[in-house]
Amino acid sequence: MDFSLTEREAHYRDRVRDFIESHVRPRMPDYKSQVAEGDRWQPVPVIEELKPKARAAGLWNLFMPPAPALAHVDESFAFEGTQLTNLEYALCAEEMGRIVWASEVFNCSAPDTGNMEVFHRYGTRRQKDEWLAPLMNGEIRSAFLMTEPGVASSDATNIQCEIRRDGDDYVVNGRKWWSSGAGDPRCKVAIVMGKTDPDAKKHQQQSMVLMPLDAPGVTVERALTVYGYDDAPHGHMEVKLDNVRIPASAMLLGEGRGFEIAQGRLGPGRIHHCMRTIGAAEEAIAAMAKRLQSRVAFGKALSEHSVWEQRIAEARIDIEMSRLLCLKAADMMDKAGNKAAKAEIAMIKVAAPRMALRIIDDAVQAHGAAGVSQDFNLASSWAGIRTLRLADGPDEVHNRAIALMEFARHGA
Ligand SMILES: Cc1cc2nc3c(=O)[nH]c(=O)nc-3n(C[C@H](O)[C@H](O)[C@H](O)COP(=O)(O)OP(=O)(O)OC[C@H]3O[C@@H](n4cnc5c(N)ncnc54)[C@H](O)[C@@H]3O)c2cc1C
């Protein structure tokens with residue numbers, strides 16, 4: 001076991017870090033003012049301005065899995081990412097997680113990363129040409145439509161959306177919500193999960209299809225808020241699908257194979273959030289430490305009150321533990337595959353947001369009333385990370401998977 005970084009691991013992490021510190025962080029005031037002004041549901045100019053710079057620096061599509069993992073699918077598809085391993089990418093994603101909009105600058109933001117992996121792994125050459133190429137160029141964006149308001153969607157067998165074959169087409173009917181990214185006018189395609197055969201075996205009823213968001217019958221009805229934040233222009237939308245007709249060629253992988261795709265999609269995608277979350281926790285501990293040393297109460301710096309020594313120390317311990325688990329999960333995915341790493345993926349999926357939420361909450365406390373205001377990024381960071389205890393499956397579902405593996409290990 002060697003905990004030191006290889007030259008390549010440090011190289012990419014440092015280049016992402018330098019780019020963020022020299023190009024992204026100085027533009028935070030511009031981002032804030034641009035999001036607040038005018039039509040909030042339009043692309044943010046500062047991100048569009050920085051994307052070509054990141055691309056020119058070779059810091060683009062860093063998440064794309066290494067070629068060997070994909071070679072069996074379509075060797076003729078030339079458009080690859082930077083080919084980082086999950087471990088190498090984990091270190092870069094942590095840096096991106098420090099600023100909420102940074103990952104989009106590198107074309108590495110959710111849900112596009114997970115969706116692009118789906119296209120890459122399971123798409124036909126035609127589907128890739130149509131959707132993956134513009135996604136990898138950062139020209140369009142995408143959404144993933146699984147969750148439905150009518151059913152407990154943490155159990156994907158509940159999904160009710162109907163995908164009915166009709167001649168050379170499929171006709172789709174259903175209602176989805178929490179469709180992240182569907183508020184952005186550049187969002188042109190959705191991966192939609194629904195039932196093609198309600199009578200098939202439980203895990204073969206569902207399929208996934210590709211749906212242009214401008215297809216007749218698709219209505220983006222409203223934006224849902226997260227503790228009052230609408231996350232414009234990305235958004236988390238409620239979408240009505242009313243007799244949406246798509247060609248049979250829009251089926252991904254094959255009828256009844258939706259679960260298979262969901263499993264493939266959520267492995268790396270789940271831990272990308274965790275990596276970014278560790279970056280958000282690093283930002284919070286930094287803000288907390290600075291603030292505590294800069295203000296005096298009851299005759300001494302806040303940092304000298306012993307309760308804050310305890311909180312800072314615990315925050316550092318928790319970050320280090322979480323980072324190690326996250327890197328272990330990434331390393332196992334690289335060496336043994338996503339399936340072999342399923343316990344570690346589930347563990348870090350639960351651990352990372354809980355850890356970050358505790359630290360951000362302490363950082364809010366350290367800032368006093370300012371901590372809950374718009375002047376610091378702590379309130380919005382807490383709200384965003386709180387959703388990660390739900391999105392991509394609630395804690396309980398992942399804990400259940402961990403517990404079942406543990407019970408199996410110690411079975412009578
Ligand atoms: C900001 C945000 C973005 C999202 N983006 C997307 C997206 O892009 N696409 C998409 O399809 N979905 C998205 N989601 C939805 C998310 O994936 C679902 O909310 C999640 O899967 C849970 O489904 P549900 O909301 O229907 O909760 P339910 O399934 O109704 O579950 C409610 C609660 O029941 C409990 N529970 C569930 N299972 C168990 C169990 N086995 N044991 C004990 N308790 C249990 C949990 O506490 C859970 O929180 C997003 C959600 C948020 C908040």
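The model is a predicted one, and every value given here was computed from it.

**Residues around the ligand**
- The ligand is surrounded by 19 residues, and the closest of these are Phe144, Thr147, Ser154, Trp178 and Ser180.
- Sorted by class, this shell holds nine nonpolar, seven polar and three charged residues.
- Both β3 (169–180) and α13 (395–409) supply at least two residues of the shell, and α13 has the largest share, with three residues.
- At the level of domains, domain 2 (143–252) and domain 3 (259–409) each provide at least three residues of the shell.

- An oxygen atom of the ligand lies 2.9 Å from a backbone N or O atom of methionine 146, while a polar side-chain atom of glutamate 396 lies 2.9 Å from an oxygen atom of the ligand.
- In the side chain of threonine 147, an N or O atom is 2.6 Å from a nitrogen atom of the ligand.
- The ligand taken alone exposes 990 Å², of which the protein buries 69%.

**The second largest pocket**
- This pocket has a volume of about 610 Å³, and among the 23 residues that line it, Asp2, Phe3, Leu87, Leu324 and Leu327 are the closest to its centre.
- The lining takes at least two residues from each of α1 (7–24), α5 (86–96) and α10 (306–336), with α10 giving the most, nine residues.
- By class, the lining has nine nonpolar, two polar and twelve charged residues.
- Because domain 1 (7–123) and domain 3 (259–409) both give residues to the lining, the second largest pocket lies between them.

Key. Residues are numbered from 1 along each chain as its sequence is written. This is a predicted model: local features need pLDDT of at least 70, side-chain atom pairs count only at pLDDT 80 or more; totals for chains, interfaces and linings use all residues. Side-chain values use heavy atoms; hydrogens and water are left out. A residue is near a molecule or strand if one of its heavy atoms lies within 4 Å of it. A polar contact is a pair of N or O atoms within 3.5 Å; within protein, one must be able to donate a hydrogen and the other to accept it, and residues adjacent in sequence count only if both atoms are side-chain atoms. Accessible areas come from the Shrake-Rupley method with a 1.4 Å probe; for residues, only the protein chains shown count as cover. Helices (H or I, at least four residues) and strands (E, at least two) are DSSP runs, numbered from the N terminus. Ala, Val, Leu, Ile, Met, Phe, Trp, Tyr, Cys and Pro count as nonpolar, Asp, Glu, Lys and Arg as charged, and the others, Gly among them, as polar. Domain bounds come from an automatic or database domain assignment. On a 1 Å grid over the protein atoms alone, a cavity is a set of points where a 1.4 Å probe fits but cannot get out, and a pocket is an open set with protein on both sides within 12 Å along at least five of seven lines; lining residues have an atom within 4 Å of a point. Grid points are joined across faces, edges and corners, and a volume is the space filled by probe spheres set on the points.
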